[in-house]
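Me: I am new to this structure and would like to learn how to read it. Please take the features in turn, giving the general idea and then the case here.

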Amino acid sequence: MAASVTATSISTSTSKARDAFGSVLSFTILILVAILAFSIRLFSVIKYESVIHEFDPYFNYRVTQYLTKNGVYDFWNWFDDRTWYPLGRVIGGTVYPGLTLTAGTMWWIFNSLNIPLSVETVCVFTAPIFSANAAWATYLLTKEVKGTGAGLMAATLIAMVPSYISRSVAGSYDNEAVAIFALVFTFYLYIKTLNTGSLFYATLNSLAYFYMVCSWGGYTFIINLIPMHILLCIITGRYSSRLYIAYAPLVVLGTLLAALVPVVGFNAVMTSEHFGSFLVFIILNVVALGHYIKRTVSAKMFKVAITLVISTGMVVLVALIAILVASVAGSPTKGWSGRSLSLLDPTYASKYIPIIASVSEHQPPTWPSYFMDINVLAFLVPAGIIACFLPLSDASSFLVLYIVTSVYFSGVMVRLMLVLAPAACILSGIALSEAFTVLTRSIKFQKDALTVGSEAITDELKEGSKISEVGKDKEPLREKPSKRSRKKEKENVEKVLDKKDNKKQSLLLPLEASAVGIVLLIVLGSFYVVHCVWAAAEAYSAPSIVLSSHTSDGVHVFDDFREAYAWLSHNTDEDDKVASWWDYGYQTTAMANRTVIVDNNTWNNTHIATVGTAMSSPERQAWEIFQSLDVKYVFVVFGGLVGYPSDDINKFLWMVRIGGGVFPHIKEPDYLRDGQYRIDSQATPTMLNSLMYKLSYYRFTEADGKGFDRVRRTEIGKKYFKLTHFEEVFTTHHWMVRIYKLKDSKNRLRGKNKKRTKSGSKGGKSQSLKKQGKRNPWL
């Protein structure tokens with residue numbers, strides 16, 4: 001008895017020591033994962049410099065500067081008169097403030113601790129910091145569903161998945177930098193509440209949802225995915241009180257909190273994206289009432305009561321649907337936003353909203369995009385789905401629903417590959433964890449079997465030896481077991497062990513197959529790591545504002561954008577208005593500090609169409625449009641000299657389509673020759689006389705020598721022409737940005753025989769690459 005108690009205490013202490021060691025090991029791995037997630041996103045700073053990337057982040061950076069300088073109250077009431085002239089923009093009521101408030105709080109904390117970081121530095125490193133947080137949130141979510149091993153594996157995968165890196169490298173200061181963490185953390189708290197039935201976690205879930213609403217418009221994915229899961233659980237007969245606690249506070253408290261965000265406001269209860277959550281809430285209450293009645297009344301009374309409850313519930317549901325339909329009946333989109341309709345109908349944007357379809361990240365992805373952004377995870381996800389069904393629980397069914405919906409949305413829009421990435425990492429982490437568990441269990445079990453078998457044979461030999469010694473005088477000696485008998489004994493031991501654990505045996509693999517499987521998984525993981533590091537270092541770290549090209553002569557840096565913005569900042573008056581295509585609006589206001597006509601917010605399609613119409617019109621008509629907008633400078637991005645493909649000529653057809661959507665006299669066929677977009681001698685007169693063509697190719701022959709466009713790979717159709725209503729004031733070193741000034745009405749040149757005036761601005765004209773004797777480094 002004492003020996004049994006001692007053995008039990010030893011076993012308990014061993015178990016506690018093992019659990020403590022496991023906790024320390026898990027904590028250490030999570031710290032290393034956070035370091036990995038942060039450091040792999042620093043290639044952009046190491047290889048280039050600490051600079052804000054892309055277009056939208058410059059607006060966020062400018063808003064954060066204003067917040068840290070003027071405070072939260074002024075931020076909420078800030079009217080920005082430097083954008084969308086002459087309309088302006090109310091910043092506090094039109095932005096998702098989560099990113100700005102997060103970075104502003106971090107800046108305030110650092111400075112309170114006497115760590116004097118600039119606002120730009122905090123903005124640059126916000127995304128890498130929150131990528132570590134997202135990895136931890138992924139660990140918590142996956143652990144809640146499938147255990148610690150799967151959680152650690154999923155956290156490691158999301159720390160370096162290329163799709164997430166593309167939006168969270170150092171300098172990528174966009175809403176998704178904090179939104180992915182908020183998304184995954186909200187799902188974790190939902191699953192935690194679902195598993196525990198705790199009202200405390202339900203309240204935290206509502207607060208996490210509120211942070212997600214503040215951070216990104218993608219919060220509608222949460223408020224539709226969770227109701228879909230609730231409805232799935234109800235239909236499959238998995239209703240419980242935990243299900244009610246997990247959902248009811250989220251709908252009530254979460255919706256009230258969401259309405260406090262100015263950019264959302266009453267949209268939280270008045271738009272069709274949110275109606276599904278309310279309908280499911282009513283269904284859930286009807287089901288909850290039915291289960292309560294079933295527990296409290298007799299079987300005979302239950303039939304009467306449940307009929308009454310269902311009838312009342314149907315009446316309320318129909319009445320609510322009627323109210324919702326009536327509230328959106330007057331809307332041409334029935335209460336749906338344009339982006340939501342683009343997801344539900346992939347052809348909607350191209351038919352009705354060209355401004356959305358014109359954005360490259362709103363295009364459907366290609367198959368290579370999946371391999372580029374999630375790599376081998378695409379092959380592991382199906383195995384993870386199967387693992388979720390073994391066994392199927394409320395939490396694992398949520399993951400299945402999550403991956404299915406995210407795969408669909410990622411197939412509609414490239415940008416939503418970002419939503420797929422966490423789901424793919426979670427399912428792949430589960431698949432890898434289950435695979436390693438089976439393979440290592442197989443090796444361990446068979447190793448233990450061999451050990452037990454050898455020990456049994458050894459004991460048999462010892463026992464035989466003792467018998468032979470004792471019976472020297474009484475009976476003949478026993479013979480030494482032969483190799484054949486040993487092998488037979490070993491097989492018998494293995495059979496006994498197999499009978500003891502038939503359930504485990506069904507999951508075991510041969511020893512050799514297990515070893516080969518582990519090696520293949522390690523090779524697969526190594527391939528994934530190499531691809532992720534390459535994607536982080538080469539594909540997603542280059543800032544769009546500073547470009548580079550690798551040639552046999554070395555690396556050539558193209559800093560034309562900052563050169564142009566610096567010229568505007570130093571050589572124009574502070575109240576001058578600058579017109580360009582909307583892509584460059586945020587950078588112009590943030591870097592040049594000049595008023596723009598349109599920017600990347602794209603909230604006013606008519607205003608953007610006006611600029612597109614001006615670019616599509618002949619010079620005189622364009623001059624009149626810009627004069628009516630009080631524009632003084634116009635700049636275009638041109639890549640024909642150095643081979644930069646993302647220039648305005650390549651975007652020109654979208655300007656025509658957007659302009660023609662508002663102003664019918666702009667017709668796309670007028671710019672096409674036999675349905676083809678051309679800039680050579682076969683181009684249409686409308687194309688050759690458009691302002692965009694003239695501002696892009698003005699004096700191009702002087703720089704190139706023969707007028708050969710290296711992007712379109714053709715010789716331009718109209719080489720020698722003069723400008724009568726615009727004058728060139730600055731062209732950057734590589735001709736990538738060209739700035740023109742509108743001439744005053746009294747000083748405009750008239751007639752064809754007038755001499756072209758020399759550009760008289762402080763910046764002057766840039767010399768051609770030919771005269772500089774330099775080879776084109778972009779090719």
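Reply: Start with contacts: a contact means heavy atoms within 4.5 Å. In this protein, residues 24 or more positions apart account for 72% of the contacts with a separation of 6 or more. The model is a predicted one, in which local features need pLDDT of at least 70 and side-chain atom pairs count only at pLDDT 80 or more, while totals for chains, interfaces and linings use all residues. Residues are numbered from 1 along each chain as its sequence is written, and side-chain values use heavy atoms, with hydrogens and water left out.

Me: How many helices and strands are there in the protein?

Reply: Helices (H or I, at least four residues) and strands (E, at least two) are DSSP runs, numbered from the N terminus. The protein has 34 helices and 13 strands.

Me: What share of the residues is buried?

Reply: Buried means under 20% relative accessible area, exposed means over 50%, and partly exposed lies in between (1.4 Å probe, protein chains only). Of the 779 residues in the protein, 49% are buried. Accessible areas come from the Shrake-Rupley method with a 1.4 Å probe, and for residues only the protein chains shown count as cover. The protein exposes about 37000 Å², of which carbon and sulfur atoms supply 62%.

Me: How far apart are the end C-alpha atoms of helix α25?

Reply: The expected span of a helix is 1.5 Å times one less than its number of residues. Helix α25 covers residues 511-539, which is 29 residues, so it should span 42 Å; the end C-alpha atoms are 41 Å apart, in agreement. Buried residues in α25 include S514, G517, Y528 and A536.

Me: Where is S541 found, and which residues does it touch?

Reply: S541 is in the loop between α25 and β3 (547-551). Its relative accessibility is 0%, so S541 counts as buried. Leaving out residues up to four places away in sequence, S541 touches F43, S44, Y48, H53 and A536.

Me: How many disulfides does the structure hold?

Reply: A disulfide is a covalent bond between the sulfur atoms of two cysteines. The cut-off used here is a pair of cysteine sulfur atoms within 2.5 Å. The structure holds zero disulfides. As for individual cysteines, C123 has a relative accessible area of 0% and is therefore buried. C233 counts as buried because its relative accessibility is 1%.

Me: How should I read the salt bridges, and how many are there?

Reply: Side chains of opposite charge can pair when their charged atoms come close. A salt bridge is a side-chain nitrogen of Lys or Arg within 4 Å of a carboxyl oxygen of Asp or Glu. The structure holds 23 of them. One joins the side chains of R167 and E176, at 3.1 Å from N to O. Both R167 and E176 are buried. They also belong to a network of salt bridges that links R167, D174, E176 and R415.

Me: Are E624 and R620 buried or partly exposed?

Reply: E624, at 38% relative accessibility, counts as partly exposed, and so does R620, at 42%. The two form a salt bridge, with the closest N and O atoms 3.4 Å apart. Because they are four residues apart in helix α29 (residues 619-628), about one helical turn separates them.

Me: Where do E668 and R657 lie?

Reply: The side chains of E668 and R657 meet in a salt bridge (3.1 Å, N to O). E668 is in the loop between α30 (652-662) and β8 (672-673), and R657 is in helix α30, eleven residues apart. E668 is partly exposed at a relative accessible area of 26%, and R657 is partly exposed at 30%.

Me: Which residues does a cis peptide bond join?

Reply: Y85 and P86 are joined by one, with omega about 0°. P86 is in the loop between β1 (79-80) and β2 (89-90). The peptide bond from L390 to P391 is also cis, with omega near -5°. P391 lies in the loop between α20 (377-388) and α21 (394-412).

Me: What is phi in N593 and in R713?

Reply: N593 has phi near 55°, a positive value in a residue other than glycine. N593 lies in the loop between α27 (585-592) and β6 (595-596), and is partly exposed at 35% relative accessible area. R713 has a positive phi of about 55° although it is not a glycine. R713 lies in the loop between β10 (708-709) and β11 (714-715), and at 68% relative accessibility it counts as exposed.
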